[in-house]
Amino acid sequence: MPTSFATATPRRTASFAVRAAHLISAALAVAFVSLGAGRAEAADALAKGIKDYKSFAVERIEIALNGAKELQTAVKAGDAKVAQGAWIKSRKGWEAAEPITGEFFPKLDEAIDAWPDAKQGYHAIEAPLFAGKLDGLAAPVDRLVADLAEFDKQLSAPEFRFEAQGLLNGITKLAYEIGENKSKGGESRYAGTSVNDIYENNEGIEAVYKLVFSGAVKARDPKLDKRILDKIEEVEDFVKDKDLKSVNAAGLNKAGEELAVLLQAAAPKLKLKKPAVGE
Amino acid sequence: MALAACVAVPLLLGAGARSTPITTKEGVLPSGTELNEEPLDQPNELFASELAGGKRSYLLNLGDLLFSSPAIFGGVARQAGISCETCHQQGHNNPRLFVPGLSSRPGTFDTTGALFNAKADNGVFDPVTPPSLRGAKYLAPYGHDGRFASLRDFVRNVVVNEFAGPEPSPQVLDALVAYIQEISFLPNPKLTAGGHLSAEASDAARRGEMLFVKPFRRDAAMSCAGCHQPSGAFVDHQVHDVGTGGRFKTPTLVNANFNAPYFHDGRFDNYGDVVGYFDRRFDLGLSEGERADLVAYLDAVGDAKEPTVRNTVQAGLDEIAAFVSVLDTAIPAHNQDVIALTVNEVGGEWRELGENFPDRSDTSVSGGLAERLRARAAVRGLVLTLRQIEMASAEGDYDQAAQAFADYRQQVAVATGELKMAEPWSLLNPAIRDAHFAALKQLADLAVK
C-alpha cells in the first residue's frame, strides 16, 4: 500500500461552493429569526440550504459512481494499480456523502457498504483488490456500479428532497461513528484508507452543517454555532495529514462525541427534534 | 469487560482497536494469538470485599477504571490503547497476548524492551509472562525477580518506567493498589484453607501430595513444599535460582491451572513439562507414575470452581454500573479528572457492549434487526449523555453535570430492556458470533495474496 493512500489529503475548508452557500445561509438566518417559533416556517428557512446540499451530495455520489466505473474498466483491463486508485477515488465520494446514505437510502447503503461481507459492496472488492487479486472481482464491481447508478438516479430525481430532521440525524450519527469504530481502525483496513474515510465523513458533516444549519443556529445561538464549527475543525485536525499509526484515537473519539452532543443541542434552535443516533 | 486480547493488531494499526482485522498487510501473527475474537468466556474476577458479603469501595472502582485506562501510560502504549488490563484481563493473565518484537510466544511480553520506554531498555530480549493478579496481596515480593517488596512501588514502576506514563498521583496509586489487593483467589473446593487437599481431590492427587512434601533424594533439606508452602498460598516470598537463567520468585500454585504458560518466561505449556524439568534438574528420580501423581496434585491445587464466566449483557451492565458509581462521588466533589476518566472509560465500555449488536450493514447476521438497532441506539444515547456530563463539568457547571447523570440513570433503565431484548441476535450468542467472525474471516481470506 503506497504511503500516500494512508494519509488524508489536506484540505482546510470545504469547497468554494460550500463556503459561498454558507454565507447565503447566514443571511437567511435573519429571516429565520424573524419568522418566529413555527416549525413549518423554520423548515422553509432551511430550504435553500437543503437545495444547495442536494447539489453537493449529487456531486459526491457522482464522484463515487465515476470512480466505480473507472474501477470496472481497470478490472476488465487487468490493471490492479489503476483499479486500486479508482477504488480509493470512488470511496472518497461515497464517504463524503455518508451523512445521507444510511439515513435516506438504507437498502442501497446496506448493499454498497456491507461489512463484513465477502460478496457485495466496497469491502468485498477491497479485500482481494488490495492484495493485488482481480479474479472474481467483475461481478461485485458490476453490482457496485449498478447500485451507485441507482443511488445517483434516486438522489438526483427532481422529486427527491431531503428533510432537515433527517439531515441533522445523519450528521449527528456520523459524528458519533467517527468516535466509534472509525477511530479504532475503520472499515477500509485492507486498502489502508480508513483515515481518508474519516476525513471525507467530516467533510460531509461540514457541508451539511454549513449549507443547511449554521446560519439558523448562528441567528439563535452564535456561541453554539461557533462551538460546532470549531469542533468540526478539531475533528479535521485529528485526521489531517495523519495515517492510522499517528491518529490520536482517544482524542478523535472524544471530539466526535462532543460534536454529536453539540449537534443534539442545536436541534431545539432549529425547531427540530433531538436527533436520533440509532440507525 | 476486557480490552481486546491481542495488542498486536492495535500496534500494527496504531489504534486501540477492539474489533480488529484478522490479518493485516503487515503480517500474520503466531498461532494461539487472539486476533479479533474476544472469547465469550472471560476470566472470573472476584473481590475479597464482595466474597466477605460487603461491597466494592469507591477506591476499588476507581482503581478498576484506572487499570483499564491507557491514559495512565505514556507514549506508544497510550497511543496503542494499551492498559494494565491488556496484559491482566479481569485481573488475571492473558495467554493470547502477543506484541510483535516484544513477545517470544503468546502470553509473554518483554517489559524491558525499548518500544514503550527507551529508558527501560536493558538491551536483552527477555520476555516474561504477565502473571495473574489473583491473590496478589499474599504474594510479595513483586516482579518475577522479586525486586519490589511493595506492591505500590511495583505498580509505580510499571506505569512510569515500563510504559512511560506520567508520575502517578498518590490517589492514582492508592486506587490501583486497592483494586489489585482486592482481587481474590478463586474458590477451590479441592483445597482446604490450610492448603491441604480436601475430600474432593482424587487418589492420584493425594499420592502426589505425599511426593510434594517428600524431601529430595539428593538434598533432604529441599522439597517442593519447601518453596511452595501449602499453608502460605504455596509461596515462600523468596527468589531462587532453579536453573532458568537467574533468580526468580516462587510462584503460587493456587488457581495455577489457568496461569499457563509456566515459569517466568513461559517456557512450559503444562504441568507435565514443569514436573519433568524439576525431576531432571534436581535428580528426583521420579517414576512415570509419580510424575503423573504430582501433576494430579498440582491440578487439584491449581483448580477453581468457576474459572471463567460467560460474557453477557448482564455481565457488561454490572461492570458498567460498578465503574459509573465513581461519578456518585466525583461529581459532588467536582473532581474533573476523575469525571473525565470515568466518562472516557465507561463510554468505551458502552461502545464495546454496543458493538455486540450488529447493524444493518452486517449481512452475516439475520433476524432481530429492529431489536439490534434499538439496542445500538440506546447505547449511543447513553454514550452521548455521559459525554454531556464530562462537557458540563469541564465548563465548571456541576449542576448540569449532575442533571445529565440523573438523565443517564433513567436512560440505563430503558437501555437495559432494549439490550436484553436484542441479546439473542447479538454477538453474545455463540451462533451469531460464529457467523459474524466467519464473514470476517472470509474477507480476510480474500485479502491473502
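From the N terminus on, the elements of chain A run α-α-α-α-α-α-α-α-α-α-α, in what is a predicted model.

Q: What about contacts in chain A, how many join residues at least 24 apart?
A: If one takes the contacts in chain A between residues at least 6 apart in sequence, 75% of them join residues at least 24 apart.

Q: Switching to the contact between the chains, how many residues does each one give?
A: Chain A contributes 39 residues to the contact, and chain B contributes 39 residues.

Q: Which elements of chain A give two or more residues to that side?
A: They are α5 (106-112), α6 (121-129) and α11 (249-266) of chain A, and α11(A) supplies the largest share, with 7 residues.

Q: What's the make-up of that side by class?
A: The side of chain A that touches chain B has 19 nonpolar residues, along with 11 charged and 9 polar ones.

Q: OK, the largest nonpolar core: which residues touch the most other members?
A: That core has 186 residues, and those touching the most other members are Ile171(A), Ala175(A), Val208(A), Val212(A), Leu263(A), Leu176(B) and Ile389(B).

Q: What is Ala175(A) in contact with, leaving aside neighbours within four places in sequence?
A: Ala175(A) is then in contact with Ile205(A), Gly256(A), Leu259(A), Ala260(A) and Leu263(A).

Q: Last one, which domains are assigned in chain B?
A: The assignment gives domain 1 (8-182), domain 2 (203-301) and domain 3 (312-446), and the centres of domain 2 and domain 3 of chain B, taken over C-alpha atoms, are separated by 45 Å.

Note on methods:
Residues numbered from 1 in each chain as written. Chains lettered and ligands numbered in written order. Predicted model: local features only at pLDDT ≥ 70, side-chain atom pairs only at ≥ 80, totals over all residues. Domains from an automatic or database assignment. Contact = placed C-beta atoms within 7 Å. Helix = DSSP H or I, 4+ residues; strand = E, 2+ residues; numbered from the N terminus. Nonpolar A, V, L, I, M, F, W, Y, C, P; charged D, E, K, R; others polar. Core = buried A, V, L, I, M, F, W, Y, C linked by C-beta atoms within 7 Å. Buried ≥ 20, exposed ≤ 12 C-beta atoms within 10 Å, placed from the backbone.
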